[in-house]
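I am opening a notebook on this structure. My entries cover helix packing and charged pairs.

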Amino acid sequence: MEEQPKRKPSPLRKIVAVSSIAAGIQFGWALQLSLLTPYVQTLGVPHAWASFIWLCGPISGLLVQPIVGYSSDHCKSPFGRRRPFILAGALAVAVAIILIGYAADIGHLAGDDITQKTRPRAVAIFVIGFWILDVANNMLQGPCRAFLGDLAAGDQQKTRIANALFSFFMAVGNVLGYAAGSYDNLHKIFPFTETEACNVFCANLKSCFFFSIILLLALCIIVLACVNDPQFTPPYEETNAEEAENSHFSCFCGELCIAFKGLKKPMWMLMLVTAVTWIAWFLYVLFDTDWMGREVYGGEVGEKAYNAGVHAGSLGLMLNSVVLAVASLGVEPLGRLVGGVKWLWAIVNVILAVCMAMTVPIAKIAQHQRALNPALIGNPSMDVKVGALAFFCVLGIPLAVTYSVPFALASIYSSNSGAGQGLSLGLLNVAIVVPQMIVSAISGPWDAWFGGGNLPAFVLGAVAAAISAILAVVVLPNPKKKDEARIPSLSMGSFH
């Protein structure tokens with residue numbers, strides 16, 4: 001059985017090039033998080049049902065990431081193991097963004113009456129594009145991370161640098177995406193985007209996505225042209241294509257079963273805490289900019305006040321990303337300061353609970369001020385604006401911990417499970433996407449049961465965050481000091 005020749009670590013410039021794709025991915029993802037829940041409501045999807053569309057994210061993360069990751073490990077294309085998936089993912093993103101941006105126009109051409117509140121054909125095109133976009137993002141992210149591991153070739157210093165660069169470019173993409181979403185005159189650069197069926201808000205979304213396509217395709221072309229990805233030669237050749245497919249599928253299922261069967265109690269407890277934590281985070285992700293448009297700025301979907309609130313929410317998310325990038329550098333020293341990373345995770349989950357609960361008094365103060373002075377509709381007082389933006393900024397700190405500590409603990413807890421680290425970390429993704437699926441299914445009806453709006457969801461998120469803080473202290477074992485030292489070298493996680 002012939003062994004694969006051992007690769008040498010690649011030059012830093014190639015690692016930087018591959019890492020930079022994270023900026024393109026996160027640019028588009030930031031636009032999704034900030035603008036798409038408000039946008040789909042302009043197409044006539046009721047607020048109570050808007051969350052169902054987000055089911056595609058967790059479902060694609062649950063199915064696509066592990067399958068694509070395993071397939072890219074065993075891809076025998078002459079183009080390399082990772083590059084075919086990066087190319088396919090980038091092209092799929094471009095197609096999806098065109099479908100999303102032009103959903104209103106395509107729906108109008110197909111027979112939608114733009115004078116009606118609900119445009120079913122446009123909604124159908126949007127949903128198709130949205131699902132393709134989530135699948136494409138998952139197709140890109142896994143192979144890019146694996147490509148970085150290939151380029152580092154086991155060198156610990158290069159691995160740390162690659163992970164740090166990937167996290168850095170994620171933050172850059174977030175800042176660019178949220179900044180684009182917060183600017184309400186971007187459509188003037190592309191005047192053709194505003195049409196009879198597509199208002200100014202829709203035109204701004206199109207323009208943002210055009211920049212997203214340009215950035216992502218440019219970065220992917222650089223990687224595909226300049227970074228070598230040697231063809232994978234398996235240790236043996238299967239007799240035919242059908243046997244190869246069956247063999248790979250059986251191996252994938254077998255490794256997945258081994259990974260689940262080999263999980264020890266600490267890993268199960270980690271998955272429990274992660275799942276409860278992400279109930280809170282996904283409620284925040286679903287309704288943050290909609291909360292700004294409705295409760296803080298006092299607008300309804302399609303109104304100028306609502307659009308102003310959504311753009312202000314995008315600004316808040318940009319500030320959140322800046323705080324996230326800075327706070328991520330302090331996770332290791334803060335963990336040591338408070339007596340261990342599990343204590344740090346518990347503390348920041350308390351902060352998360354408090355912030356989610358504070359959305360209620362912020363919204364009520366804004367509502368009271370509008371009742372006294374209707375001129376504040378669409379332009380709340382400075383103290384309300386500061387309080388709302390502070391909410392986004394402070395949440396950057398617990399988000400930095402959520403994006404790093406669970407993944408580090410998963411690597412530590414599962415180091416002796418018998419499965420590969422990548423597959424074990426993939427299992428942690430299950431603990432992230434399952435609560436997202438649950439939240440997507442119940443959050444809209446939950447809001448409707450309590451009179452509509454976003455505050456019931458945020459209160460539920462505050463309760464989930466408080467429970468996760470208690471669980472982190474009670475059920476998670478403390479990793480050893482030598483294991484905690486590994487945390488800064490591990491990749492920052494992300495929400496997909």
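Which residues in helix 2 meet which residues in helix 9? I note first that the model is predicted.

**Entry: two helices in contact**

I listed the contact from each side. From helix 2 come Ile21, Ala23, Gly24, Ile25, Phe27, Gly28, Leu31, Leu35, Leu36, Pro38, Tyr39 and Thr42. In helix 9 they meet Phe201, Cys202, Leu205, Cys208, Phe209, Phe211, Ser212, Leu215, Leu216, Leu219, Cys220 and Val223. I then sorted the contact by class: 20 residues are nonpolar, 4 are polar and none is charged.

Next I looked up the geometry. Two packed helices are described by the angle between their axes and the distance between the axes. Helix 2 spans residues 21-42, and helix 9 spans residues 200-226. I find their axes 9 Å apart, at an angle of about 160°. That angle makes helix 2 roughly antiparallel to helix 9, because angles over 145 degrees count as such. The crossing of helix 2 past helix 9 is left-handed.

**Entry: salt bridges**

How many salt bridges does a search of the whole structure find? The search gives 6. Side chains of opposite charge can pair when their charged atoms come close. I looked at several of them.

**Entry: Asp105 and Lys206**

Helix 9 turns up again here. Its Lys206 forms a salt bridge with Asp105, at 2.6 Å from N to O. Asp105 sits in helix 6 (residues 103-109), and the two partners are 101 residues apart, so the pair links distant parts of the chain. Both Asp105 and Lys206 are buried.

**Entry: Arg121 and Asp112**

Is each partner here buried or partly exposed? The closest N and O atoms of Arg121 and Asp112 are 3.2 Å apart, and the two form a salt bridge. Arg121 has a relative accessible area of 38%, so I log it as partly exposed. Asp112 has 5%, so I log it as buried.

**Entry: Asp290 and Arg294**

I moved on to helix 11, residues 265-296. Asp290 and Arg294 both lie in this helix, 4 residues apart, which is about one turn. They form a salt bridge, with the closest N and O atoms 3.0 Å apart. Asp290 has a relative accessible area of 0%, and Arg294 has 17%. Both values are under 20%, so both residues count as buried.

**Entry: a network**

Which residues do salt bridges with shared partners join into one network? I find Arg81, Arg82 and Asp150 in it.

How values were computed. Residues are numbered from 1 along each chain as its sequence is written. This is a predicted model: local features need pLDDT of at least 70, side-chain atom pairs count only at pLDDT 80 or more; totals for chains, interfaces and linings use all residues. Side-chain values use heavy atoms; hydrogens and water are left out. Axes are lines fitted to C-alpha atoms, for helices over the stretch in contact, and angles run from 0 to 180 degrees between N-to-C directions. Angles under 35 degrees count as roughly parallel, over 145 as roughly antiparallel, 65 to 115 as roughly perpendicular and the rest as oblique. A crossing is left-handed if the near helix is turned anticlockwise from the far one by less than a right angle, and right-handed if clockwise. Contact means heavy atoms within 4.5 Å. Ala, Val, Leu, Ile, Met, Phe, Trp, Tyr, Cys and Pro count as nonpolar, Asp, Glu, Lys and Arg as charged, and the others, Gly among them, as polar. A salt bridge is a side-chain nitrogen of Lys or Arg within 4 Å of a carboxyl oxygen of Asp or Glu. Buried means under 20% relative accessible area, exposed over 50%, partly exposed in between (1.4 Å probe, protein chains only).
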